[in-house]
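Here's a quick walk through some ring packing and a chain-to-chain contact. Have the structure open and follow along.

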Amino acid sequence: MSSRLTEIRWHGRGGQGAVTAAKMVAEIAAERGKCFQAFPEYGPERSGAPIVAFTRLSEDPIQCYSAIEHPDLVLVLDDTLLSVVDVTEGASDDAVIIVNTEKSPDDIKKGFDFGSRRVLTVPATKIAKQTLGRAIPNTPMVSALSRITGYFSLEEIEDHLRHTFGKKFPQKVVDANVEAAKMAFQEVRE
Amino acid sequence: MTPPTAQTQRPIEAVTGNQAVAYAMKQINPDVVAAYPITPQTDVVQNFAEYVADGVVKANFVTVESEHSAMSACIGSASSGARTMTATSSAGFALMWEMVYIAASMRAPIVMTTVNRALSGPINIHCDHSDTMGGRDAGWVQIYNEDAQEAYDATIMGFPIAEHPDVRLPLMNMYDGFIISGAIGPLQSLTDEEVQQFVGQAPGYPSLLDFDNHVTFGPFDGLHGWYFEHKVNQQRAMDNALAVIQDVYDRFAALSGRRYQHLMQYRMEDADIAIVVIGSAAGNARSVADKLRAEGVKAGVIKVRTFRPFPAAQYAKALAGVKAVGIMDRADSFGAAGGPLYMDVTSALYQQGVYTKAANFIYGLGGRDIFPHNIEEAFRVLQKAAEGGDLPKSRVYLNMKGA
């Protein structure tokens with residue numbers, strides 16, 4: 001893996017917006033002049049069933065289209081997936097795992113063997129319910145991702161939400177998403 | 001691909017391959033789009049239907065009851081002088097079969113996107129090239145694309161090639177199903193005005209709707225007719241197309257800064273071993289070539305772009321100095337000497353008197369992934385042959401389970 005390339009794997013359930021989250025990261029990257037790629041693991045899409053999506057971010061043009069085998073970052077949009085799929089599969093020992101949960105990192109680590117990997121938590125669904133009124137955790141997760149990696153600043157996410165996202169959604173929804181991003185940025189725990 | 005310096009001001013958007021192609025279709029603004037709107041159709045057609053619903057295109061959008069009917073409607077439309085486009089994929093293309101040949105023999109300059117996906121069974125909807133490889137003898141210009149940007153560019157280059165008076169053939173653009181069609185990647189688009197100017201006016205060939213100049217398309221032409229000569233003319237049009245296509249690629253480069261050739265060569269100047277590959281796997285092949293070069297192995301890659309007409313002489317020239325070439329097929333031709341690309345490349349070499357050792361690697365059927373280490377494995381086979389060993393005479397399967 002090139003040090004200029006970051007490979008991200010998303011775990012979610014159908015309907016939670018993992019693909020939308022991967023797309024949002026790609027769009028912010030596009031706006032920031034970075035190279036990007038986002039794709040789901042294609043298959044039957046059923047609401048509630050475990051799904052996987054991928055994002056590549058790089059300073060250089062991305063020419064690899066095979067699946068990500070060894071992610072640097074794993075984002076888990078639903079903590080009930082931890083007992084269903086091995087979210088650490090292929091992840092290197094220094095990979096970072098961010099779990100959407102109201103539990104603390106220590107509690108999460110008790111129930112699942114993450115090895116030596118860094119594990120962080122963010123209550124993304126709770127934040128989404130508070131701000132958007134719906135259990136769609138993708139904006140808070142993108143914000144948590146940026147907090148951990150420094151890949152985008154909170155201002156850059158806000159800029160994306162207000163401009164690109166704002167073309168498709170009413171102001172109220174945009175404001176709620178901005179609020180969700182701000183809260184998630186603060187509420188990441190390690 | 002190197003980004004053009006003059007064009008770096010254009011914004012980069014994040015879109016799927018299918019969105020990129022639908023956007024190109026919107027910018028071309030054809031007269032007619034006739035398509036089957038249900039699976040195995042891709043969302044190229046769905047995205048285009050949104051442009052129709054939004055009233056931003058003038059196209060008469062015809063949703064038909066089958067892919068066979070879609071191609072039939074396209075033939076009628078194109079023969080009436082209307083600029084006609086469609087899209088298909090997989091089994092949908094297979095169902096068009098009879099009419100695909102008729103479109104070519106009636107010299108209908110239809111531009112069609114075919115998203116490459118497997119033919120069943122077992123039932124599989126994922127990427128391979130079985131669908132369009134089966135259509136390689138039908139008389140259509142066929143251009144394979146690596147990513148969304150290439151697919152967008154090729155769509156815009158479609159009519160200038162297909163409608164050229166020396167060609168007048170239907171044209172098919174392909175890109176890998178899901179891997180490109182559904183993945184979000186960067187797109188640098190042209191403006192509507194640039195696209196309109198590049199595509200230009202339709203040439204106004206004699207049409208069924210020209211009541212002052214009566215013409216007949218596709219009539220009975222039996223044992224004592226001119227069927228044979230029609231077929232010879234189709235091949236002559238293919239011969240002519242090679243130069244026309246390169247000319248259109250060059251004109252497009254002047255506009256966009258993105259430069260295309262029939263075969264895209266990567267580090268081939270002094271290569272001892274080379275891989276010939278189609279579509280989205282090309283990037284992994286190039287990255288493996290870079291890795292081998294860093295070890296001192298002279299590895300190169302040829303990416304297939306123009307597949308019909310097949311630029312045989314150019315392949316022979318590119319591979320003349322190579323000690324061993326691996327030809328990668330994402331489809332098979334059961335019972336033949338090898339996969340379709342293997343047969344074309346080896347025939348080209350033999351025809352031109354170039355006897356480079358060649359092996360056939362079959363990969364990616366039904367969407368099976370192809371990782372850099374799989375391609376490295378292929379290069380290692382070639383490396384041994386380049387050092388004097390023999391190459392396998394039968395197909396080598398990459399990333400096959402239980403191998």
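## Aromatic pairs in chain B

This is a predicted model, so keep that in mind throughout. Let's start with B:Phe61, which comes out partly exposed at a relative accessible area of 21%. That's just past the cut-off, since buried means under 20%. B:Phe48, on the other hand, has 0% relative accessibility and counts as buried.

B:Phe48 and B:Phe61 make a tilted pair, with 6.1 Å centre to centre and 55° between the planes. B:Phe48 sits in helix 2 (residues 43-53) of chain B while B:Phe61 is in strand 3 (residues 60-63) of chain B, so their pairing ties together parts 13 residues apart in sequence.

Which residues do ring pairs link into a cluster? They are B:Tyr144, B:Phe307, B:Phe310 and B:Tyr315.

B:Arg168 lies over the face of B:Tyr205, 3.8 Å from the ring centre. B:Arg305 does likewise with B:Tyr260, at 4.0 Å from the ring centre.

## Where chain B meets chain A

On to the interface. Here 23 residues of chain B are in contact with 17 residues of chain A. The area buried between the two chains is about 1600 Å², and carbon and sulfur atoms give 60% of that. On the chain B side, B:Ala14, B:Ile184 and B:Phe371 lose the most area to chain A, together making up 31% of what that side buries.

How many salt bridges are there between chain B and chain A? The count is zero.

As for secondary structure, the elements of chain B that give two or more residues to the side touching chain A are strand 1 (13-16), strand 8 (184-187), helix 9 (282-294) and helix 12 (372-386). Helix 9 of chain B provides the largest share of that side, four residues.

Definitions and conventions: Residues are numbered from 1 along each chain as its sequence is written. Chains are lettered from A and ligands numbered from 1 in the order in which they are written. This is a predicted model: local features need pLDDT of at least 70, side-chain atom pairs count only at pLDDT 80 or more; totals for chains, interfaces and linings use all residues. Side-chain values use heavy atoms; hydrogens and water are left out. Rings of Phe, Tyr and Trp (its six-membered ring) pair if their centres lie within 6.5 Å; planes under 30 degrees apart count as stacked, over 60 as edge-to-face and the rest as tilted. Buried means under 20% relative accessible area, exposed over 50%, partly exposed in between (1.4 Å probe, protein chains only). A charge sits over a ring if NZ of Lys or CZ of Arg is within 6 Å of the ring centre and within 35 degrees of the ring normal. Contact means heavy atoms within 4.5 Å. Buried area is the accessible area (1.4 Å probe) that two parts lose on being put together, summed over both. A salt bridge is a side-chain nitrogen of Lys or Arg within 4 Å of a carboxyl oxygen of Asp or Glu.
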